[in-house]
Amino acid sequence: MTTSSTLRPGTGDHAVADPGPPAPRRRRGDGAAALAFLTPSIIMFLVFVLAPTVGVLVLSFYNWNLLSDGTFVGLDNFDRLFHDERLLGVYGSTTYMALAILAVNVVLGLLLAVLLETRMPNWLRGFFRLSFLFPFVVSASAVALIWRFLLNKDLGLVNYLLGLAGVDRIDWLGSSAFAPVSIIIVNSWKTIGFSILVYIAGLQSIPKQLREAAIVDGAGAWTRFWRITFPLLSPTIFFLVVINTINSFQIFAEPRVLTQGGPGDSSRTIVEYLYDRAFGDFDLGYASAIGITFALVLVLLTAIQFWFSRRWTHYS
Amino acid sequence: MNIPRRRVALACAVTALAATALAGCASGSDTSSSSGNNNKALEIVYWNYGPAAESGNKSTADAFMASHPDVKVTLTPVTGENWGTYYANVATLIASGKRPDLMVISGEGAQFVHSNNLVQPINQYLEKDAGAKAITADIAQGLIDGFTVKGDVITLTYGWNDMVVYYNTDAFTKAGLEPPSADWTWDDFKATAKKLTADTNNDGKPDQYGFTWASNEIFPGIMPWVANAGGNLTSDDVCAATVDTPQVNKAVTFLNDLIKEGIAPAPMPMSDVFTRFQNGQVAMFGAGRWPIATFLPAGFKAFDIQLYPKGDTYKTVFGGAGYPILKSSQNPDLAWEYQKFTVSDEIEKQYVGTPDKPGDSIPSRRSVAETISKVGVPPANSDLYYNSIDKYPTLVPYPAPAKYSTFESTVLRHLQQIFAAETSVPDGLKSLQSELSGIVTC
């Protein structure tokens with residue numbers, strides 16, 4: 001009983017606990033106001049997220065071509081997943097490209113962000129920040145069109161410049177080995193600005209006193225990074241790992257415009273494959289089954305990342 | 001202060017919600033009034049591939065409403081990266097409850113709309129309408145046959161394209177070559193392309209190529225070569241794939257050899273071909289009449305056209321577009337009037353265009369198409385467009401099975417591997433045939 005009285009604000013007993021500012025008292029109408037503010041978001045969520053998700057789930061049990069009445073086929077569409085000779089290959093190419101894009105964003109993004117936080121003239125820092133961020137804000141399709149022109153094997157600028165250095169022409173878009181590499185390069189070039197921006201925000205939130213204290217204690221640059229910067233940046237790194245994993249597994253515009261998923265399926269992504277089944281084959285049921293399983297794969301990947309993050313992420 | 005602020009915020013939020021709801025209602029009521037049960041209303045769906053499509057369809061609709069003041073025409077633009085995705089988006093539109101009267105389709109869509117029971121054939125109108133005979137007599141028979149599926153005439157064709165070779169006249173002059181003649185052969189073509197290939201910066205590799213073709217489309221890509229080798233990608237009834245034949249093998253090998261011998265660059269999408277052709281990096285390519293709508297407004301006129309070179313045979317490959325009447329139409333008779341209007345002199349002249357603003361396809365009416373060269377729309381050899389279907393009557397309608405989009409993407413996927421030298425021509429075509437056997441069926 002005394003405890004509650006000592007915690008009550010205005011008793012003058014600050015030695016026990018600082019009650020902080022008084023908690024705002026709820027008033028009649030607060031609930032209605034909150035609901036009014038939330039309603040637009042709730043409606044948007046219901047209409048554009050939940051309803052389509054439920055729709056796709058229902059569709060995955062049907063055979064439907066958009067034009068005729070759908071037929072209930074139970075789990076047939078999911079059974080087809082196991083007999084689709086191309087699907088595993090497409091999962092493979094998607095995973096290869098997604099992991100590479102993830103690595104570039106997380107590792108190279110961190111390196112570039114740290115470099116941008118070193119001493120340099122403000123105008124130069126501004127120039128680099130703008131240069132890295134600019135590709136992120138332009139249309140993926142427009143960017144891919146320009147890259148397609150640059151990466152043309154026989155008439156592209158990239159091979160021309162490489163040729164000046166004595167490098168033979170590389171079939172960036174037409175060979176199974178280099179087509180995925182081109183997608184990785186173009187997508188990473190486009191998205192790394194976002195990672196750098198988030199990293200910079202994370203770096204700037206680390207108290208300078210900690211690094212200064214470490215310098216006084218004689219810690220070198222690597223020790224300071226590994227013992228101070230990295231642990232305090234780990235929530236930012238984790239956030240970027242999760243976001244970049246989801247985004248890189250869902251790339252569509254770059255393979256669509258640059259390589260049309262080819263040659264063969266070497267640069268095809270699951271989202272592109274799903275799109276072709278839905279709007280090329282008019283096989284909405286099977287496309288929905290691919291979409292549902294792909295979403296589950298991403299949820300599983302994210303869950304694993306959260307599980308492992310407990311071992312290396314520090315929030316204080 | 002808190003209470004008034006919250007009240008203001010609450011009022012704002014409620015007002016915003018109410019406004020949204022009212023806007024939704026207003027939008028709904030507008031839609032119902034424009035496409036409602038008015039028998040004197042038509043709703044038309046078209047592929048909005050760019051400003052030309054929008055302005056062309058709008059001017060046709062405006063002209064129809066001017067001549068039929070009691071009719072309201074509502075245009076519904078539908079996007080799509082190609083005809084295939086446009087059809088998919090129209091199907092989505094219909095699935096969502098829209099009931100258009102007419103939709104623009106290309107030859108690729110004839111089988112699709114027929115097999116999905118979407119269209120009302122116009123055979124009865126062609127028989128009963130007094131004016132129809134005069135119209136069809138002025139349209140090449142091939143263009144009518146190209147839109148006939150199992151005896152059902154799907155639509156009149158307002159515009160069409162045949163595949164011809166575009167050549168850069170400056171490149172020919174620079175190489176000291178005479179313009180190609182209509183009777184040139186594959187050997188002549190290859191020799192010409194070789195002479196047009198050059199290493200202008202002396203780095204040991206060509207940077208100017210004799211020929212290329214679109215990697216993202218079959219129609220202006222391999223199809224003319226396949227046809228002139230005497231083959232096709234499907235059977236005549238479009239019920240079976242025929243890609244592992246000696247004829248197709250010969251055509252694909254010919255093109256593959258152009259790449260291997262450095263006469264053609266690695267294939268690229270059509271929009272890139274246009275740019276490379278205009279800047280002289282590619283001297284020849286194949287397409288219909290649509291490139292002129294890009295070249296002429298850009299001020300590029302240093303080009304002309306010729307028939308594809310003759311292989312074991314010569315066949316004109318063509319495709320067209322029309323406004324079929326949909327079964328969902330509440331007023332098919334009025335829709336027929338509209339379809340007929342799209343091939344009237346007034347509208348067909350739009351497809352002729354002017355030297356500065358050319359049409360992007362060939363008018364289907366012979367009498368109108370003949371005016372292209374008189375009006376002075378480049379290229380100089382423009383009469384060839386219609387002559388290719390009138391004077392070379394061996395025709396190959398573009399192969400378009402009901403699952404067209406899947407068919408095209410499958411063919412292109414395998415061709416990519418062949419032209420990237422990742423598989424041999426026979427193995428690649430054999431693999432393609434195997435996959436298409438489940439796609440091209442009836």
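Chain B is divided into domain 1 (41-162 + 321-352) and domain 2 (164-317 + 395-436), the bounds being taken from an automatic or database domain assignment. The model is predicted, so that local features need pLDDT of at least 70 and side-chain atom pairs count only at pLDDT 80 or more, whereas totals for chains, interfaces and linings use all residues. Residues are numbered from 1 along each chain as its sequence is written, and chains are lettered from A, and ligands numbered from 1, in the order in which they are written.

The C-alpha centres of domain 1 of chain B and domain 2 of chain B lie 30 Å apart. To the contact between these domains, domain 1 of chain B gives 13 residues and domain 2 of chain B gives 17 residues, two residues being in contact if their C-beta atoms, placed from the backbone, lie within 7 Å. On the side of domain 1 of chain B that touches domain 2 of chain B, two or more residues are given by each of α3, α4 (110-115) and β8 (157-162) of chain B, where helices (H or I, at least four residues) and strands (E, at least two) are DSSP runs numbered from the N terminus. The largest share of this side, four residues, comes from α4(B). By class, this side of domain 1 of chain B holds four nonpolar, seven polar and two charged residues; Ala, Val, Leu, Ile, Met, Phe, Trp, Tyr, Cys and Pro count as nonpolar, Asp, Glu, Lys and Arg as charged, and the others, Gly among them, as polar.

The contact of the two chains takes 36 residues from chain B and 28 residues from chain A. On the side of chain B that touches chain A, at least two residues each are supplied by α1 (2-34), α3 (83-95), α12 (270-278) and α19 (404-419) of chain B, and this side has 16 nonpolar, eleven polar and nine charged residues.

In chain A, helix α8 (residues 179-204) and helix α10 (residues 221-249) pack at an angle of about 160°, with their axes 9 Å apart; axes are lines fitted to C-alpha atoms, for helices over the stretch in contact, and angles run from 0 to 180 degrees between N-to-C directions. The angle makes α8(A) roughly antiparallel to α10(A), a term for angles over 145 degrees, as those under 35 count as roughly parallel, 65 to 115 as roughly perpendicular and the rest as oblique. Among the residues making the contact are T191(A) and Y199(A) of α8(A) and F239(A) and N244(A) of α10(A), and by class the contact has six nonpolar, six polar and no charged residues.
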